[in-house]
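The following exercises concern one chain of a predicted model. Please examine the structure before reading each solution.

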Amino acid sequence: MEQFLAGIEKRALVMAELATHDREEALDLVQDAMLAFASRYGRRPREEWPPLFHRILQNRIRDWHRRRRGRSRWWGRLGWKGDDDDDGVDPIQQAPDPGGRLPEEVLMGEDELERILAAVEELPLRQQQAFLLRVWEGLDVAETASAMGCSSGSVKTHLSRAMSALRRQLQE
Amino acid sequence: MNDREAQQEIEDRVRRALDERAAGLDAATLSRLRQAREQALAGGAGRGWWQRWPAGGGLRWASAVAAGLLLVVGLVVWQQAGRQGLDGAVDDLEVLASSDDLKLYQDLDFYLWLEREGLSANGAEDRT
C-alpha cells in the first residue's frame with residue numbers, strides 16, 4: 001500500500017492542482033483521497049487500486065468544484081468577487097527542490113512546459129479528467145469511466161474533445 | 001504527419017510536461033505528501049476528528065468556524081445585555097410612576113420580614 005501511494009501521490013497532486021489552480025487545495029484533496037482510500041480499499045486486490053484511488057480523488061475534485069461554484073454564486077449575489085484572484089504565491093515554497101534534478105536534467109524548456117500545462121489547465125474539468133486518466137495515468141476506457149463515474153461513451157467523447165482542444169492550442 | 005501521428009505527438013508532449021511537473025515538485029510539498037501518506041497508512045490515527053475538515057483548506061475552514069462562533073456569542077451577549085438593560089429600566093419606571101409611597105419600597109425588606117414571621121404591622125403594634 002505504501003509503495004502504491006508513494007508511486008501515485010505526485011501525479012495525484014499535479015492532477016488536483018491542474019483542476020483547482022491551487023497547491024494548498026490540491027494537497028488537501030490528495031490527503032483526503034489517500035486517507036479514504038487506505039481506510040476503505042486496503043484489502044481489495046492490488047490491480048483494482050489505481051481506478052479506485054482515482055475514483056475517490058476525482059470525486060473529491062468534483063465536489064470541490066461544486067462547492068466553489070456555489071460559493072461564487074453567493075458571493076456574486078453579494079457583489080464580492082471573493083478571493084479567486086488572490087494568488088499570493090510564496091516564491092520560496094514554489095522553488096524547485098534543490099536536491100532534486102540538475103538544470104541540465106530538465107528535458108523541456110520552462111516556457112514550453114508552462115504553455116502545455118496551461119492548455120491542460122484550461123480544459124473543462126471532465127475533459128481534463130478524461131485526458132489525464134487515459135493518457136497520463138494509462139487507465140483503460142472502462143477504468144476511466146469507473147473513476148469518473150460515467151459511461152465509457154462519455155469518456156470517449158470527453159477525451160476526443162480534450163484532444164481537439166489541445167491540438168488547437170499546441171499546434172498554433 | 002497524419003492525424004494519428006499528430007495526436008500521438010501531442011500526447012507525448014503533454015505527458016512529458018506532466019512528468020516534468022511531477023518530478024520538479026519542491027521539497028516542502030514532497031514532505032507534506034509524505035506526511036499525508038503516513039497518516040493515511042496509520043488509518044488517520046494522527047488526525048483527530050477536529051482536523052478532518054472537508055477538503056478545501058483546513059485553515060480557511062477553521063477561520064470560518066471561529067468567525068461564526070464569535071458572531072453567535074456576540075449576538076447572544078448583545079441580546080441578553082439589551083434585554084436586561086430594558087427590563088431594569090422598565091422596573092425603575094414602574095416604581096417611579098407608582099402612586100405608592102417611595103418609603104414603602106425603601107422599607108420593603110422590613111415588611112417582607114414581618115410577613116415571613118406571620119405578623120402584620122398592625123398586629124405587632126396591637127401587642128405592644
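**Exercise 1.** Identify the residues that make the nonpolar surface patch of about 620 Å², and state which elements give two or more residues to the patch.

*Solution.* The patch is made by Leu104(B), Tyr105(B), Leu108(B), Phe110(B), Tyr111(B), Leu112(B) and Trp113(B). Two elements of chain B, α4 (102-106) and α5 (108-116), each give two or more residues to it. The greatest contribution comes from α5(B), with 5 residues.

**Exercise 2.** Classify Tyr111(B) as buried, partly exposed or exposed.

*Solution.* Tyr111(B) is located in helix α5 of chain B. Its relative accessible area is 37%. Buried requires under 20% and exposed over 50%; Tyr111(B) is therefore partly exposed.

**Exercise 3.** Describe the buried residues of α1(B) and the elements against which they pack.

*Solution.* The buried residues are Ala6(B), Ile10(B), Glu11(B), Arg13(B), Val14(B), Ala17(B), Leu18(B), Glu20(B) and Ala22(B). They pack against four elements of chain A, namely α1 (2-20), α5 (110-121), α6 (125-136) and α8 (152-170).

**Exercise 4.** State how many helices and strands chain B has, and what share of its residues is buried.

*Solution.* Chain B has 6 helices and 0 strands. Of its 128 residues, 18% are buried.

Technical notes. Residues are numbered from 1 along each chain as its sequence is written. Chains are lettered from A and ligands numbered from 1 in the order in which they are written. This is a predicted model: local features need pLDDT of at least 70, side-chain atom pairs count only at pLDDT 80 or more; totals for chains, interfaces and linings use all residues. Side-chain values use heavy atoms; hydrogens and water are left out. Patches are made of residues with over 30% relative accessible area and no salt bridge: like charges are joined within 9 Å, nonpolar side chains (Val, Leu, Ile, Met, Phe, Trp, Tyr) within 5 Å. Accessible areas come from the Shrake-Rupley method with a 1.4 Å probe; for residues, only the protein chains shown count as cover. A salt bridge is a side-chain nitrogen of Lys or Arg within 4 Å of a carboxyl oxygen of Asp or Glu. Buried means under 20% relative accessible area, exposed over 50%, partly exposed in between (1.4 Å probe, protein chains only). Contact means heavy atoms within 4.5 Å.
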